[in-house]
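Please look through the structure shown below. The paragraphs after it lead through some of its parts.

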Amino acid sequence: MFNIERWQEIFETISKNKLRTFLTSLSVAAGIFILVILLGFSSGIENGVRTQFEGDATNRIQVSTRTTTKGFNGLNPGRKLQMTNSDYETLNVKYEDQIEYKTSLYNTWGGEINYKEKQGSYRIEGAFPDQQFIENATLTQGRFLSQSDVDESRKVAVLGYQMKEDLFPNTDPIGEIILVNNNINFTVVGVYTDPGGSREESRLFIPMTTAQKVFNAGENINRIAYTVKMSDNFDAAVALSAAMRQSIDQDLRTKFSVAPDDRIAVRVNDTLEEAKKIYSLIDTIRMVFWFIGIGTIIAGIVGVGNIMLIVVKERTKEIGIRKALGALPSEIIWMILQESIFITALSGLIGLFAGVGLLQLIAPYAETDFINNPTVDFTTSITTVIILIVAGTLAGFIPARRAANIKPIEALRDE
Amino acid sequence: MIEITNLQKSYVTGNTSLHVLKGIDFSVKEGELVSIMGSSGSGKSTLLNILGMLDEADQGTYMLDNTPIKNLNEKIAAQYRNKFLGFIFQSFNLINYKTAVDNVALPLYYQKVGRKERDEKAMHYLEKVGLADWANHLPNQLSGGQKQRVAIARALASDPKVLLADEPTGALDTKTSYEVMELIQGINEEGRTILIVTHEPDIAEMTKRVVNLKDGRIIDDRLVNQIKASAHV
């Protein structure tokens, strides 16, 4: 393999048969190029979906109630179901062992918020301190809500990063007073970012107790959110989470006398099960792309193999001459094989770099909600390079063996 | 140098078997210049192919430089060809994308001679056949006679025990043929053993011994008074 003389011989052959080499290279380069682009987009979709999805904690269970759509036990449809603090506390006690983080929520849409002459309309959400972890929020400044904020119904607020950008473009918001709905002053204590993006960062968090007071909600709550304790086994965690979801669902249906098939009135969502579905979707997408890519490569290999066969046919006489001059069969095999590996590897690398280059170039323009950072990582590149070398060997092997079996006497007669 | 006894060869095609060589006994001493003559179908090319280890006999023994040539596999045949034999073909058989000097250097490459030494030796033999100025030309830029000279230089490059020439002048006009024969005679004068297959009597007369083949047997084996090709050029 590292015989310099043989490499010189191969380079000479290649450089003197440019068109043939070019045609051979083209099919391989194209195959690898397509594979790289496919894999890039597959990872882009994977990243995109993951980002979309991981905006919130993946082990979240969310509970909400609306209006009944079906009659049950003599009750009419159209009843509004209202959860209260006591529902929240009952669930907390019942599922204490499974719960990791918990919060009840009370929100208003389109709350007017003013800071000096700036003004905007945002969602205002009453929450408990655990909301930070349930939302996967990270603080960029200050602190999140604390238990004492809730206990004392303090008028403090945590801004989403988008709000900070809107209302405090050049000033430090911590300690500043904002005016909510034109009548209540809140002190800003922190700013958070949320992987869910600007929509999720346009929310103002205030203590739950404060929200219930200022919006005259009494004991009412809109939603309850939990995260379940994760175990090391993903499937076990999924099962546990699903069981808890069904159990909570049943509790609420019993309490509010809701028909078992009324999916609108009581909703309990379990993100972990969704997560499992999405991860398996991502796996499927990746497998499909690999399948297409490998198929393309196989087509390329067959192409190279064909061209090498033609090459051997075309070089029958030359191979005969070489054998008459004393070339060993192994030397003939290596000559053809090395040429084929060299051509596939080199043109494959060109395809690889072209593919990676194009991905880098178009990546910024290809960002959508479901495609994010479509690039090929190092492992994938190495994998494709290994595929290339294996492909080159395969593509060269049959023609090489045929070349080695050429009888010099017949080859020399071949006019 | 060459000792063959009772050499037999048949070719089987379908149901018919063609007995090409029907028991050849033949020997060549070192330094001889022998021509093998015969009409087409006489078996002369088959004999040369067997001598050249490009083909194998069915029966009989073949000794080359006191080495028995038998049970050849591809690998051993290749090594023996490289070590013992130089080939000159009717159609020259140069590799057409290699320059004259690279063609001459090819047997040396398979002898694992280093590039520098290879090129030096190749140039030496090109000079010997009078083509030093054409070293970097491709075969299609050379005339027929020049191509055959390059082929002769290539056959000499590996310093073989025996040169085997299959109709070396078959594709050349008379004048060029004599020039090539003059070169071959010169090489023989230096002590090299040479076998030439030909069907041209005038070429045969330029060797030192003529062996006549007919229907797979030697019918005549005589020494001749060598005619110097230079007399005709």
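This is a predicted model: local features need pLDDT of at least 70, side-chain atom pairs count only at pLDDT 80 or more; totals for chains, interfaces and linings use all residues.

Residues are numbered from 1 along each chain as its sequence is written, and chains are lettered from A and ligands numbered from 1 in the order in which they are written.

In chain B, strand E1 (residues 2–13) and strand E2 (residues 16–28) pair in the antiparallel sense over 10 bridges. Helices (H or I, at least four residues) and strands (E, at least two) are DSSP runs, numbered from the N terminus; two strands pair if DSSP finds at least two bridges between them. Across this pairing, Ser10(B) stands opposite His19(B) in E2(B). E1(B) and E2(B) form a hairpin with two residues between them, and Gly14(B) in the turn has a positive phi of about 65 degrees.

The axes of H3(B) and helix H5 (residues 144–157) of chain B come within 7 Å and cross at roughly 25 degrees. Axes are lines fitted to C-alpha atoms, for helices over the stretch in contact, with angles from 0 to 180 degrees between N-to-C directions. H3(B) is therefore roughly parallel to H5(B), a term for angles under 35 degrees.

Chain B also touches chain A, in a contact that takes 20 residues from chain B and 19 residues from chain A. Two residues are in contact if their C-beta atoms, placed from the backbone, lie within 7 Å. On the side of chain B, H2(B) gives the most, with six residues.

Terms used:
Angles under 35 degrees count as roughly parallel, over 145 as roughly antiparallel, 65 to 115 as roughly perpendicular and the rest as oblique.
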